[in-house]
Amino acid sequence: MGAFKVDEDYDYLFKVVLIGDSGVGKSNLLARFTRNEFSQDSKSTIGVEFATRSIRVHDKVVKAQIWDTAGQERYRAITNAYYRGAVGALLVYDVTRQSTYENARRWLKELQSHTDCNIVIMLVGNKADLGHLLAVPTQQARDFAEREKLFFIQTSALEALNVDQAFTQVLTQIHQVVSRKALASTAHATLPKGRTVNITRHADVSAVNKPGCCSG
């Protein structure tokens with residue numbers, strides 16, 4: 001699956017959010033996937049940042065708009081706008097810090113309370129290059145993901161290990177969900193237009209809208 005220029009035509013536009021505690025490597029995962037960059041001195045994200053990258057899924061060009069937010073509690077007031085319209089999420093913890101894994105349950109609950117039930121979620125154990133400092137057993141995390149019906153992968157933004165695979169799998173699964181819903185609901189094979197989220201003065205993003213599947 002090759003990358004395309006950001007401004008190239010695309011068939012689908014999917015909003016994906018990165019969530020998890022501060023310091024787990026969300027910003028470096030984003031930078032590695034969208035720009036193939038890594039910063040040893042990356043600072044905590046202030047507010048919200050986003051970046052885009054397009055990939056090919058089957059015969060379609062999928063443009064991912066990936067949102068990255070601060071994990072600190074003082075920025076939690078942005079959650080409604082942050083989650084709105086998201087159809088995919090990477091729930092990130094640091095494999096060397098048990099507390100970040102334990103907090104994943106809270107992040108998951110918050111995510112599910114703000115998003116559609118069809119959202120595709122992947123549990124990501126980042127910093128796998130620090131295996132000698134492993135604090136969260138891989139099988140434990142895998143079992144948690146299976147119980148919660150999440151995808152699971154371990155990554156290293158530093159070594160570019162499984163980063164493309166993580167995002168690509170999420171985007172592929174979103175495409176499958178959207179394709180199934182489009183075929184089931186109407187005879188039109190195009191992505192239904194959803195709520196528009198105003199991100200900057202220059203960019204409006206139409207997110208997938210899947211109303212009513214889990215209301216109540």
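**A tour of the core and the rings**

Select Phe33 and Phe167 to begin: both are buried. The model on screen is a predicted one.

Keep these two residues selected and look at how their rings sit. The ring centres are 4.3 Å apart and the planes meet at 15°; planes under 30 degrees apart count as stacked, so Phe33 and Phe167 form a stacked pair. Now colour the helices. Phe33 belongs to helix α1 (residues 26–35) and Phe167 to helix α6, so that the pair links parts of the chain 134 residues apart.

Arg53 lies over the face of Phe33, with 4.4 Å to the ring centre.

Next, the other rings. How many aromatic pairs does the structure hold? There are seven. Select Phe50, Trp67, Tyr82 and Tyr83 together: these residues make up one aromatic cluster. Then go to Trp107, where Arg106 lies over the ring face, 4.9 Å from the ring centre.

Now turn to the nonpolar core. In soluble globular proteins, nonpolar side chains tend to be buried together. The largest nonpolar core here has 54 residues. Which of its members touch the most other members? Select Val17, Leu90, Leu123, Leu171 and Ile174 to see them. Then select helix α6, residues 163–185: this helix supplies eight residues, the largest share of the core.

End at Ile174. Leaving aside neighbours within four places in sequence, Ile174 is in contact with Phe14, Val16, Val87, Gly88 and Val120.

Technical notes
Residues are numbered from 1 along each chain as its sequence is written. This is a predicted model: local features need pLDDT of at least 70, side-chain atom pairs count only at pLDDT 80 or more; totals for chains, interfaces and linings use all residues. Side-chain values use heavy atoms; hydrogens and water are left out. A nonpolar core is a set of buried Ala, Val, Leu, Ile, Met, Phe, Trp, Tyr and Cys residues joined through side-chain atoms within 4.5 Å. Buried means under 20% relative accessible area, exposed over 50%, partly exposed in between (1.4 Å probe, protein chains only). Helices (H or I, at least four residues) and strands (E, at least two) are DSSP runs, numbered from the N terminus. Contact means heavy atoms within 4.5 Å. Rings of Phe, Tyr and Trp (its six-membered ring) pair if their centres lie within 6.5 Å; planes under 30 degrees apart count as stacked, over 60 as edge-to-face and the rest as tilted. A charge sits over a ring if NZ of Lys or CZ of Arg is within 6 Å of the ring centre and within 35 degrees of the ring normal.
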